[in-house]
Amino acid sequence: MIYNNLLYFLVAIFLFSMATIPFEASLSGIPALLAFVGTALVFDRYAAIVFRRARDGSSAAYFRAEKYAALGALAVYAFLVFGLDLKYYLSFLSFGKTLPALVNIGGLGVFLGLFVLIWRRARRSYELVFSRKYRGSVFILSNIKANLPIVIPWMILTLCYDLVAFIPWPALQELLSSAWGDVVFFGFFLVFVFIFFPPLVRRLWNCKRLEDGPLRNHLLAFCRRQNFSTEVYIWPLFEGRVITAGVMGFVPGLRYILITPALLETMTLEEVDAVMAHEIGHVKRFHLLLYVFLIAGFAIAAGLLAEPFFYLFFSQDFFYTFVGAAGLSPEVVRNIAVAIPSLLSLILYFRFVFGYFMRNFERQADLHVFEVLGNNRAIISAFEKIAVLSGNIREEPSWHHFGIGERVDFLEKCEQRPGLIRSHHKKVGACLLLYTVLLISAVVLARGISFDENMAAYEDKYIRADLLYTAGKEEDPGLWLFAAGNFFQAKNYEKGAFIAFELALQEDSRQPDLLNNYAWLLLTSSDMSRRDPGRALDFARQAAALRPAGYVLDTLAMAWWANGFADRAIETARQAIFVDPENSDYYQEQIEKFKNMTYLEEQSSQVMTDAAQFSVEREV
């Protein structure tokens, strides 16, 4: 249950992180409220039907219903995020974009709300299966507390990442903004998790220390003989009726072995020793640290490789051909095209890569019992009891554990051929080495990929597609595109201005202000590679013929000067003074510039100024 819920919450976190906040939601006001409420009611009804079918008294049916309900929750959550723009409605939580982590936490809270609906409907089935009566609120609260440890580390990490930006410590800010900043931050976070997380989880799960007595003394003495320091706690998972155990915490003194009451009630003392040896094996083989490494490895690889592949894919023409043919928003198609493969990567990684290591780590822990006790009789006996008492699950496979039958078969083979133990440890070590080599290779590959060209192509094509899509909804597309170009130009986003003006020209090539503004941009762009004096002169002459206003003539004068015709530039500037005498001082300054400097000299001066400014900014 815990491992499955971990995967569900990871997928939910991922889905929410992939969504963007739109300029405006597809629904607003009462329709949006009705859509959210209606979706919740439909899902509540679905959960009720799923758990009604699970009231046959078997734990297997209950857990199966829980799985179907959770998958339904993911589907509904995806609809809320992408179909009803959930992130838009939660954006107020960021306090003006200063704490975006609160928006993400709010999104996860909505997903948790769907699980509250599941637990609301699951209570009656749970009572039948586990023979325990609950008030609805108490049952829901107990489930929330059971699942909080899954999401608390992520919540703390994202919130601290935002809050650390407010710390007035320049040295810290410089460190965190460096290439190693994320690594350092994650390292501090791991220290926090190792120290504070185990006691927190122990309290959330209502674990109680095993009472003083012969059993506790025996188990602690067993641990001391293996040079292992821990404390033993009773774990009331599902009323203590689930036969299982676990180890939590890596730091001695903050490390606990958790055992359910059902395990102590059904196992002999030798079998309990075998279970303890199994949990100790996880620590001895550093599995707790390796789990962190495997999760961090996916995050590192995904973070480094996603960007170059993103720009490579979205710089291709076929994507925009599809967008245009489908008549869909480029943003929506892009988000879907990113979300689906990324989500599949996450699921496949945890299902097959992470799951592979989990299964083999469990097998290593099983083998540790053999190394400690000298035989596998006790652990095999314990497994067989668990299989029968848990509903005949001996041959039931799991993505994170080998089936009990498989584990028993392997242990019996190891009894006959002890060399298999060393072979298995070598296999796990080789797989970890291969994983590390592949991870390092991915990091090196990602850092060696230059995607500047693809990034530039993506920006040009995406802006063009987005402008065309929006303009297609306007009554006057040419006017809207012209306005968009002016807006981009005012915001110094010249790339967008160039594309908007080009598209506007295709709609209306006789609009004087469009011709004038585009000509001015072609003459003065901060990106020297985009300047085109010849084309600017052509546009400026057309604009002046249509509207010989002062500001238009000023652009024409600049165009003459940029093309080497200083005399004609001066003459045109004097015409601007005659037409627009109120701005004569400015036009006179232009005339002096035309007399004393060439356009190329001004370009060179601008390049030197930009280079000096860049140098100053780097030193600062």
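Predicted model: local features only at pLDDT ≥ 70, side-chain atom pairs only at ≥ 80, totals over all residues.
Close-up 1. Helix α20 covers residues 494–507, and its axis runs 8 Å from that of α19, at an angle of about 160° (axes are lines fitted to C-alpha atoms over the stretch in contact, with angles from 0 to 180 degrees between N-to-C directions). The two helices are therefore roughly antiparallel, a label for angles over 145 degrees. Their crossing is left-handed, meaning the near helix is turned anticlockwise from the far one by less than a right angle. Helices here are DSSP runs of H or I, at least four residues, numbered from the N terminus.

**Close-up 2. The residues between α19 and α20.** On the α19 side, look for P477, G478, L481, F482, A484, G485, N486, F488 and Q489; they meet G496, A497, A500, F501, L503, A504 and E507 of α20 (contact: heavy atoms within 4.5 Å). That set splits into 10 nonpolar, five polar and one charged, with Gly counted as polar.

**Close-up 3. The second largest pocket.** It holds about 1,100 Å³ of space, the volume filled by probe spheres set on the grid points. Its lining has 32 residues, with P22, F23, S329, E331 and D466 closest to the centre. (A pocket is an open set of points on a 1 Å grid where a 1.4 Å probe fits, with protein on both sides within 12 Å along at least five of seven lines; lining residues have an atom within 4 Å of a point.) α18 gives the largest share of the lining, six residues. By class, the lining has 18 nonpolar, six polar and eight charged residues.

**Notes.** Residue numbers start from 1 along each chain as its sequence is written, and side-chain values use heavy atoms, leaving out hydrogens and water. Local features need pLDDT of at least 70 and side-chain atom pairs 80 or more, while totals for chains, interfaces and linings use all residues.

Technical notes: Parallel < 35°, antiparallel > 145°, perpendicular 65-115°, else oblique.
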